[in-house]
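Hello,

Please find the structure below. My notes on what was found in it follow.

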Amino acid sequence: MNRKIAIILLIVVGIYCLPTLLAAFATVLGVVAAVAGTILGVGLSLIASVLPLLIVAYLIWWLVRDNRNSRQH
């Protein structure tokens, strides 16, 4: 009899607490998705803003290096 009551109580409490558990899981999942999206957005922003500067710096360095090599020969 005790086992039957325990099972019934587990089912009742499980049904009663299920929305809370699902809400907690959804909250954690939402926070993880938001953090991942933020990291991705910041990374893409940095790439979009720093990469052109690196390309220009490389091209200037390449032209200066090429100019020095042509003067030596």
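**What was found**

Buried residues account for 0% of the 73 residues in the protein chain; buried means under 20% relative accessible area, exposed means over 50%, and partly exposed is in between, with a 1.4 Å probe and protein chains only. This is a predicted model, in which local features need pLDDT of at least 70, side-chain atom pairs count only at pLDDT 80 or more, and totals for chains, interfaces and linings use all residues. Residues are numbered from 1 along each chain as its sequence is written, and side-chain values use heavy atoms, with hydrogens and water left out.

**Overall form**

Along the principal axes, the C-alpha atoms fill a box of roughly 100 × 20 × 5 Å.

The protein chain exposes about 6,800 Å², and 78% of this comes from carbon and sulfur atoms (Shrake-Rupley method, 1.4 Å probe; for residues, only the protein chains shown count as cover).

**The aromatic pair**

The structure holds one aromatic pair. Its members are Tyr 58 and Trp 61, in a tilted arrangement with 5.7 Å centre to centre and 35° between the planes. Rings of Phe, Tyr and Trp (its six-membered ring) pair if their centres lie within 6.5 Å; planes under 30 degrees apart count as stacked, over 60 as edge-to-face and the rest as tilted. Both residues lie in helix H1 (residues 2-72), three residues apart, about one turn of the helix. Tyr 58 is partly exposed at 48% relative accessibility, and Trp 61 is partly exposed at 47%.

**Two other residues**

Phe 25 is in helix H1 and counts as exposed, at 57% relative accessibility. Its C-alpha atom is separated by 18 Å from that of Gly 37, 12 residues apart along the chain.

Ile 11 also has its place in helix H1 and is partly exposed, at 49%. Between the C-alpha atoms of Ile 11 and Thr 38, 27 residues apart along the chain, the separation is 39 Å.

Regards

Note on methods
Helices (H or I, at least four residues) and strands (E, at least two) are DSSP runs, numbered from the N terminus.
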